[in-house]
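I opened a new page for this entry. Below are my notes on what I looked up.

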Number of protein chains: 2
Amino acid sequence: MRPDWLDAPIVVPSQKHRQDALSHQQQLTKPPGSLGVLEKIAVDFAGWQNKVLPELEKLKIVVFAGDHGVVASGVSAFPQSVTVEMVKNFSRGGAAITVLAKNLNANFEVVDVGTVTDPGPLPSVISSRVGAGTSDMSQGAAMDEKQLYTAMEVGRQAAIRGHKEGVQLLIGGEMGIGNTTAAAAVGGVLAGLSPTLMAGPGTGLDSEGVAKKAEVIQKALDKNMPDAKDPLSVLRKVGGFELAALAGFYITSAQLGIPVLVDGFITTSAALAAVRLRPELADWMLFAHLSEEPGHSALLAAIGGQALVDLEMRLGEGSGAAVAVPLLKMACTLHAGMATFAQAGVSQG
Amino acid sequence: MRPDWLDAPIVVPSQKHRQDALSHQQQLTKPPGSLGVLEKIAVDFAGWQNKVLPELEKLKIVVFAGDHGVVASGVSAFPQSVTVEMVKNFSRGGAAITVLAKNLNANFEVVDVGTVTDPGPLPSVISSRVGAGTSDMSQGAAMDEKQLYTAMEVGRQAAIRGHKEGVQLLIGGEMGIGNTTAAAAVGGVLAGLSPTLMAGPGTGLDSEGVAKKAEVIQKALDKNMPDAKDPLSVLRKVGGFELAALAGFYITSAQLGIPVLVDGFITTSAALAAVRLRPELADWMLFAHLSEEPGHSALLAAIGGQALVDLEMRLGEGSGAAVAVPLLKMACTLHAGMATFAQAGVSQG
């Protein structure tokens with residue numbers, strides 16, 4: 001049964017504070033508009049925080065990890081054991097996202113939504129296992145309804161923890177060998193794009209591997225017949241535990257009035273499912289980077305998002321979002337810290 | 001007389017440390033190449049610092065300010081008085097670049113290379129006035145040879161100060177009403193592109209203003225007949241004091257073994273002049289952002305540079321470079337802080 005919280009109200013950003021922030025921008029000692037995207041970001045945060053001079057000091061990064069039954073069909077360059085090995089690496093602080101989270105002084109946690117083997121208790125890792133990986137979507141549905149809603153609830157709880165911690169931004173990351181395959185399937189169905197367009201190298205497939213991956217996705221679509229008009233069934237049939245958790249995480253964030261910075265290919269696919277469920281959610285999303293994964297630009301177009309940077313990254317984990325955080329911080333710092341023409345005695349054009 | 005230092009040796013980045021850094025990158029717990037541009041940056045810094053694990057902790061930002069005689073021909077949306085007004089704003093910390101420099105904990109100084117009116121002693125402002133603005137290049141040469149070499153020496157001294165302070169990165173910024181006109185002239189001659197292609201809105205001209213600006217540049221070229229094969233004469237005839245200082249700053253940085261992060265349109269024009277003088281300099285340059293100023297992409301192509309980000313900025317002052325600094329820092333932090341596959345017990349693909 002579709003949980004009630006999915007349909008709870010999403011906060012409406014404050015138009016008044018957006019307008020006031022926009023007026024403030026026009027008074028700062030620079031040619032109007034010359035800070036480009038940074039001006040827009042400051043205005044977005046003003047609307048989100050109900051403050052003319054917003055700040056971005058506290059943020060939380062949550063990496064959702066899960067395994068994928070479809071890996072049995074040979075869709076990844078890395079063995080499935082890597083998902084749990086990387087969970088341990090996150091816990092010890094050796095992975096890219098943990099190095100970045102520490103650098104950003106961000107609250108950080110890993111949520112095990114369902115890896116194949118249970119890594120047991122680990123520092124910074126929350127065990128919320130929905131199952132020992134999904135079922136192979138090329139043979140049937142990746143998960144059942146109960147698993148779907150449980151995984152979404154796991155994401156919801158992570159957003160609620162962030163809210164209790166008082167963070168001003170939430171970043172969802174993911175880890176899961178095989179999850180570009182699930183993300184390509186989910187994103188492709190929702191955006192109306194073929195597996196051939198959506199399948200990419202992931203962690204490093206060659207062109208033959210990519211072609212096979214597209215075939216496996218097509219097989220999963222033929223088997224499951226997911227309906228683009230029903231994003232929940234798409235997530236259930238051809239998604240993954242971490243994708244479902246991310247969708248729940250994004251929706252809850254917006255319900256709690258916290259903006260999210262979407263990372264790359266996999267997270268955008270989950271974000272697209274979430275936005276199709278709750279279109280108002282789009283007002284709470286920023287998109288960090290354009291991934292090298294070839295399907296990402298099409299997913300961004302489908303969701304109407306504009307990536308802040310293109311650094312040819314394709315790592316996942318939330319790393320592309322973490323790298324973009326200083327841009328958001330600087331946007332707020334400039335907005336609040338610059339002098340106005342009147343304050344500085346500078347002539348206007 | 002061409003000063004001797006212009007031809008002093010430029011440090012050769014360490015190929016050994018670049019190779020070792022590249023090997024190190026292959027061992028980190030991520031798919032090879034998945035950190036994209038950040039991996040290349042870490043390798044660049046390894047070569048610059050003769051260290052497999054380089055760091056970026058200390059940097060210096062120098063804003064060169066100068067006025068332009070060509071403003072008399074009506075090429076800017078802002079009055080000339082703004083140059084000095086902004087120098088005062090830099091000194092008091094109210095401008096974008098000062099907010100960013102503080103945020104980055106960067107050493108910061110403004111160098112007055114020749115504004116129309118002398119602002120007098122101000123905190124953080126170094127007075128190295130070559131003249132009270134350049135001459136109007138539409139009527140003759142913008143400066144004489146002595147002024148050119150003095151301005152370049154002013155830039156050189158700023159780089160030497162940075163070296164003494166032990167910085168690992170230098171950023172040059174600029175302020176000068178009318179300096180997109182000079183930069184368009186210098187860059188256009190050196191890149192072989194017409195004034196119509198190079199002239200843009202600057203601080204905010206409308207299309208009529210841009211057309212007039214292109215005409216003024218054409219007039220300056222007809223009058224001065226600068227020779228693209230002689231970058232020094234191009235800087236002298238149609239450049240500006242801050243452009244010449246930037247060229248000297250960039251060359252000296254590379255002679256001292258300090259990389260530079262080039263900002264936007266005006267600085268790229270000065271960088272192009274510097275690289276044409278000393279091609280080895282290109283090994284020490286990173287390019288921060290693609291400016292909204294329409295000629296910038298052509299200048300980047302001419303210098304063979306790739307901008308790290310495109311945030312639709314067009315402010316100058318070094319602001320685009322400052323905004324990109326966290327990306328460089330993160331590249332070094334990831335490179336040094338991530339675990340290797342062996343350390344983390346993660347399987348390789």
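How much area do chain B and chain A bury between them? I read about 4,300 Å², 67% of it on carbon and sulfur atoms. Buried area here is the accessible area (1.4 Å probe) that two parts lose on being put together, summed over both.

I noted the ground rules next. This is a predicted model, where local features need pLDDT of at least 70, side-chain atom pairs count only at pLDDT 80 or more, and totals for chains, interfaces and linings use all residues. Residues are numbered from 1 along each chain as its sequence is written, chains are lettered from A and ligands numbered from 1 in the order in which they are written, and side-chain values use heavy atoms, with hydrogens and water left out.

**Symmetry**

I looked up how the copies relate. A rotation of 180° with 0.0 Å of shift along its axis puts chain B on chain A, with an RMSD of 0.0 Å. In chain B, V309(B) has the C-alpha nearest the axis, at 2.9 Å. Both copies use the same surface: 100% of the contact residues of chain B recur in chain A.

**Interface**

I counted contact residues (heavy atoms within 4.5 Å). Chain B gives 54 residues and chain A gives 54 residues. I then found 2 salt bridges across the interface; the rule wants a side-chain nitrogen of Lys or Arg within 4 Å of a carboxyl oxygen of Asp or Glu. One salt bridge joins E312(A) to K40(B), with the closest N and O atoms 3.4 Å apart.

Which element of chain B gives the most to the side that touches chain A? α13(B) does, with 8 residues. Helices are DSSP runs of H or I, at least four residues, and strands are runs of E, at least two, numbered from the N terminus.

**R276(A)**

I checked one residue of chain A. R276(A) is in helix α11, residues 265–277. Its relative accessibility is 36%, so R276(A) counts as partly exposed (buried is under 20%, exposed over 50%, partly exposed in between; 1.4 Å probe, protein chains only). Leaving aside neighbours within four places in sequence, R276(A) contacts L190(A), A191(A), P231(A) and A302(A). P231(A) is 45 residues away along the chain, yet the two C-alpha atoms are 6.6 Å apart. A polar atom of the R276(A) side chain lies 2.5 Å from the backbone oxygen of L190(A).

Terms used:
Copies are superposed by least squares on the C-alpha atoms of residues with pLDDT of at least 70 in both. A polar contact is a pair of N or O atoms within 3.5 Å; within protein, one must be able to donate a hydrogen and the other to accept it, and residues adjacent in sequence count only if both atoms are side-chain atoms.
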